[in-house]
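Me: Could you show me how to read strands and helices in a structure? I'd like to go through it slowly.

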Amino acid sequence: MTATELPFPGLHSGIDGVPTLDGAQTAREYTSDQEVRWCPGCGDYVILKAVQSFLPDLGLRRENIVFISGIGCSSRFPYYLDTYGMHSIHGRAPAIATGIATAREDLSVWVITGDGDALSIGGNHLIHALRRNVNLNILLFNNRIYGLTKGQYSPTSEPGKVTKSTPMGSVDYPFNPISLALGAEGTFVARTVDSDRKHLTAVLSAAAAHRGTSLVEIYQNCPIFNDGAFDAIKGPGSEDALIRLVQGEPIRFGADGAKGLIRDHATGGVKIAEVAEVGESALLVHDAHSPDPSTAFAISRLTDAGHLHRAPVGIFRQVERPTYDDQARAQVHHAEAAADGTRAERLAALIGGGDTWTVA
């Protein structure tokens with residue numbers, strides 16, 4: 001089997017004999033025998049079910065799928081999937097996943113992380129995975145709080161947030177994960193919401209099909225330590241707060257699509273306008289495939305740092321760029337093809353050649 005014959009469009013092996021499916025799979029086959037231990041009402045349950053439901057559609061055997069997590073409530077994820085996986089260390093899941101993706105091109109590699117794990121101790125690893133465009137998928141569960149350690153403020157908590165670690169209110173200014181990913185030149189950057197199963201599944205499926213690093217921020221409610229953090233985009237009146245991005249379509253939202261996004265020529269960004277006042281032709285048409293991320297970044301800035309009075313959701317950016325792991329493997333293959341002697345002889349020559357010396 002060649003790379004182009006693989007049934008999963010986001011995965012290329014280049015190695016004959018890659019395991020493929022003999023028949024269809026079901027979500028049940030991706031469900032492990034472990035008891036799911038999240039708090040009642042946690043948004044993680046919906047995300048888990050969505051992932052279990054679309055994994056069979058990838059056309060891969062379970063042993064060719066790997067989930068790597070860091071530390072946090074979301075990081076229990078690998079236990080609940082009947083695939084390979086690892087519950088790794090705090091913030092380092094992208095680094096471990098990079099090694100796996102580079103060493104094993106026949107695997108579909110996924111990172112499960114949270115707003116604390118990814119954006120605090122793991123922030124450095126996250127931005128470099130995005131910059132390098134490693135062929136892996138990062139799902140960032142954002143509940144805007146530290147849930148596993150019982151309710152401290154996180155890098156996405158709003159200013160003034162009163163928590164156990166900020167009894168007088170947080171004085172930190174939070175990260176906008178989408179803006180961060182776009183600034184790191186992420187090739188696939190998206191946001192979805194745990195309560196919208198259809199949208200969530202569609203975005204995850206698109207991320208899986210992308211070759212390179214995909215980052216999906218998932219707004220996920222923590223009913224114990226930060227309940228209601230996303231009520232503005234879920235409850236009554238949410239049509240005025242939730243801005244759905246659809247490729248190739250004018251960006252409209254609100255009751256009956258009465259509002260839309262237009263260019264803000266004064267700032268170079270985008271702004272909200274009444275469609276009746278500016279006209280349909282003035283609306284910004286969403287283009288996630290634009291090589292310039294400036295407009296996507298401007299759209300991401302519509303998400304305020306406070307109580308989420310508005311939030312664009314969907315795929316902000318989806319472009320193609322060579323991946324780190326493909327290029328690294330190509331260098332190895334080229335070096336091996338051009339080298340003389342056996343592998344052991346070449347290794348000995350490498351160790352003994354160049355700037356080496358003997359210490360008496």
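Reply: We'll take a sheet, then a pair of helices. This is a predicted model, where local features need pLDDT of at least 70, side-chain atom pairs count only at pLDDT 80 or more, and totals for chains, interfaces and linings use all residues. Residues are numbered from 1 along each chain as its sequence is written, and side-chain values use heavy atoms, with hydrogens and water left out.

Me: How many bridges join β8 to β9?

Reply: There are 2 bridges, linking β8 to β9 (residues 259-264). Phenylalanine 253 has lysine 259 as its bridge partner, while arginine 252 has glycine 260. The two strands make a hairpin with 5 residues between them, and glycine 254 in the turn has a positive phi of about 85°.

Me: And how many join β9 to β10?

Reply: That antiparallel pair has 6 bridges.

Me: What describes two packed helices?

Reply: You give the angle between their axes and the distance between the axes. Axes are lines fitted to C-alpha atoms, for helices over the stretch in contact, and angles run from 0 to 180 degrees between N-to-C directions. Take α2 (residues 93-103) and α9 (residues 324-338): they pack at about 50°, with axes 9 Å apart. That makes α2 oblique to α9 (under 35 degrees is roughly parallel, over 145 roughly antiparallel, 65 to 115 roughly perpendicular, and the rest oblique).

Me: Which residues make the contact between α2 and α9?

Reply: Contact means heavy atoms within 4.5 Å. From α2 come Thr98, Ala101 and Thr102, and from α9 come Tyr324, Asp325, Ala328 and Arg329.

Key: Pairing = 2+ DSSP bridges. Helix = DSSP H or I, 4+ residues; strand = E, 2+ residues; numbered from the N terminus.
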